[in-house]
Amino acid sequence: MSSIQVDASITAEFRPSEGILAQQSLLYIEQSGPIVHLRLNRPGKRNAMSDSMIRQLHTAFINLPPDARVVVISGEGSHFCAGLDLSEVSEQSVTDGIHHSRLWHAAFDAIQFGPVPVISVLHGAVVGGGLELAATTHLRVAEPSAYYGLPEGQRGIFVSGSGSVRIPRLIGVSRMSDMMLTGRVFDATEGQSIGLSNYLVREGEGLFRAFELAAKIASNAPLSNYAITQALPRIADMAPAEGLFVESLMSAIAQGDGAAKQRVRDFLEKRANKVEKAS
Ligand code: 1HE
């Protein structure tokens with residue numbers, strides 16, 4: 001049982017996945033219509049990520065059901081994720097270390113550059129590799145119990161699950177250096193103000209909010225979502241001239257899709273919602 005309380009009307013329809021997704025013993029995966037909910041399921045070890053868990057995450061993301069439109073990732077138990085399973089790395093050689101890091105990169109690339117947007121729900125410890133995982137997802141919803149740390153400096157290691165690339169893009173090199181050099185831990189409120197989370201909700205409401213957001217995202221045209229998750233971060237990494245050119249191509253592709261034409265017609269013919277102030 002999850003320690004997170006969620007409105008029954010939203011979870012009622014979730015059913016355990018079938019096939020290969022049901023065989024990932026360290027992940028509990030359910031689906032409700034277009035939303036896949038993937039729970040890190042190693043609470044006794046605070047969801048510390050062993051090689052097996054990383055492989056299972058990779059397997060899950062390259063085998064998403066064809067009707068999946070959004071994935072929500074959360075952690076079972078009292079923490080989102082305690083990071084790398086330290087018991088597996090103490091005796092690693094340099095070569096092992098490189099292969100190990102590349103294993104994480106492949107799995108996390110499958111998350112960030114997979115077919116659908118991914119939302120993480122953060123509570124308790126979001127540390128080390130757990131923060132690297134959160135930074136890989138497209139949106140982060142945090143509860144007040146969430147806290148963020150990068151104890152690699154204290155453990156005598158360095159980030160190796162893509163943190164050096166993805167975390168500075170959220171909070172900058174300076175803040176990340178502070179976290180790693182001094183062991184500084186940000187609480188949920190600080191995390192929200194510096195951009196580690198997109199939404200800060202009440203305790204126990206993270207999944208509910210994530211499913212609400214997922215439902216909204218799932219109602220977008222799939223090609224728009226794909227452009228946002230695939231093209232936007234790549235364009236942000238390009239020189240302006242190249243970025244502008246790719247933007248032109250991507251927007252023309254998205255606009256040319258039947259779904260876009262229909263949505264624009266719907267607005268012009270007064271069938272679509274207007275943009276309104278948040279209530
Ligand atoms: C673990 C791990 C782990 C817990 N690897 N076994 N990550 C860290 O440096 C974080 C280390 N963990 C902690 O600081 C704490 O465990 C927590 C703050 C996350 C949670 O505290 P708590 O009191 O709820 O649990 P606990 O009693 O410390 O741990 C429960 C069990 O989980 C215990 O095992 P047990 O057999 O004694 O019951 C812990 O040993 C185990 N456990 N965290 C292995 N991380 C790709 S590079 C990424 C680099 C990193 O991620 S470095 C940061 C690693």
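User: Why are α10 and α11 described as roughly perpendicular to each other?

Analyst: In this predicted model, the axes of helix α10 (residues 240-256) and helix α11 (residues 258-268) cross at roughly 75°. Angles from 65 to 115 degrees count as roughly perpendicular, and α10 and α11 are therefore placed in that class. Their axes come within 5 Å.

User: Which residues of α10 and α11 meet, and how do they divide by class?

Analyst: Ala-254, Gln-255 and Gly-256 of α10 meet Gly-258, Ala-260 and Lys-261 of α11. The residues of this contact divide into 2 nonpolar, 3 polar and 1 charged; Gly counts as polar under the scheme applied.

User: What makes the pair of Phe-14 and Phe-211 a tilted one?

Analyst: The ring centres of Phe-14 and Phe-211 are 4.8 Å apart, and the cut-off for a pair is 6.5 Å. The planes stand at 35°; stacked requires under 30 degrees and edge-to-face over 60, so the pair is tilted. The structure holds 2 aromatic pairs.

User: Why is the pair of Phe-14 and Phe-211 said to tie together parts that are apart in sequence?

Analyst: Phe-14 lies in the loop between α1 (8-11) and β1 (15-16), whereas Phe-211 belongs to helix α8 (residues 206-218), so the parts joined are 197 residues apart in sequence.

User: What lines the largest pocket, and which element gives the largest share?

Analyst: The largest pocket holds about 610 Å³ of space. Of its 26 lining residues, the closest to the centre are Gln-112, Thr-137, His-138, Thr-229 and Pro-233. The largest share, 7 residues, comes from α9. By class, the lining has 13 nonpolar, 8 polar and 5 charged residues.

Technical notes: Residues numbered from 1 in each chain as written. Predicted model: local features only at pLDDT ≥ 70, side-chain atom pairs only at ≥ 80, totals over all residues. Heavy atoms only, no water. Axes fitted to C-alpha atoms, helices over the stretch in contact; angles between N-to-C directions. Helix = DSSP H or I, 4+ residues; strand = E, 2+ residues; numbered from the N terminus. Parallel < 35°, antiparallel > 145°, perpendicular 65-115°, else oblique. Contact = heavy atoms within 4.5 Å. 1 Å grid on protein atoms, 1.4 Å probe; cavity = no way out; pocket = protein on both sides within 12 Å on 5 of 7 lines; lining within 4 Å. Points joined across faces, edges and corners; volume = space filled by probe spheres on them. Phe/Tyr/Trp six-rings, centres within 6.5 Å; stacked < 30°, edge-to-face > 60°.
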